[in-house]
Amino acid sequence: MKYKENGSLNGSKWHTELLDNAFEAMNNRSAIFRNEIKETLQDYLSFRHFVRHTYGFRIKWEKMEDKLNNLKEIWKIVKEDLNSFIKNN
């Protein structure tokens, strides 16, 4: 069982629930990430799930290319949001 501020995360979708919660302000804290990156991070989460539950030979470069080419840019935004969250909460 995983825990969050307003209860616990259970079941097979806890990664998705945790990510969704990171975009919501709760009680005494602001949202962790800006909404502009929600779809991108959800896409990375889906890709992570696919990679963990499939054979390597089924992974196609065409499906990975954008994710890998944009990784530095999205990581920069994630770090900025995390640093801002830590500073302000």
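**View 1. Leu-19 and the residues that it touches in the predicted model.** Once its neighbours within four places in sequence are left aside, Leu-19 is in contact with Leu-41, Gln-42 and Leu-45, where contact means that heavy atoms lie within 4.5 Å. This is a predicted model, in which local features need pLDDT of at least 70 and side-chain atom pairs count only at pLDDT 80 or more, whereas totals for chains, interfaces and linings use all residues. Residues are numbered from 1 along each chain as its sequence is written, and side-chain values use heavy atoms, with hydrogens and water left out.

**View 2. The largest nonpolar core.** Leu-19 also belongs to the largest nonpolar core, whose 10 residues include Ala-22, Phe-23, Phe-33, Ile-37, Leu-41 and Tyr-44, together with Ile-74, Ile-77 and Val-78. Such a core is a set of buried Ala, Val, Leu, Ile, Met, Phe, Trp, Tyr and Cys residues joined through side-chain atoms within 4.5 Å, and buried means under 20% relative accessible area, computed with a 1.4 Å probe and protein chains only. At least two residues of this core come from helix H2 (38–52), and at least two come from helix H4 (71–88); H4 gives the most, with 3 residues.

**View 3. The aromatic pair.** How many aromatic pairs does a search of the whole structure find? The search finds 1, where rings of Phe, Tyr and Trp (its six-membered ring) pair if their centres lie within 6.5 Å, and planes under 30 degrees apart count as stacked, over 60 as edge-to-face and the rest as tilted. The ring centres of Phe-23 and Phe-33 are 5.7 Å apart and their planes stand at 45°, so this pair is tilted. Both residues sit in the loop between helix H1 (14–21) and H2, 10 residues apart. Phe-23 is buried, with a relative accessible area of 8%, and Phe-33 is buried as well, at 13%.

**View 4. The setting of these details in the whole protein.** The protein has 4 helices and 2 strands, which follow the pattern β-β-α-α-α-α along the sequence; helices (H or I, at least four residues) and strands (E, at least two) are DSSP runs, numbered from the N terminus. Taken along the principal axes, the C-alpha atoms fill a box of roughly 45 × 30 × 15 Å. Of the 89 residues of the protein, 21% count as buried. Among the contacts with a separation of 6 or more, 42% are between residues 24 or more positions apart.

Technical notes
Buried < 20%, exposed > 50% of the residue type's maximum accessible area, 1.4 Å probe, protein only.
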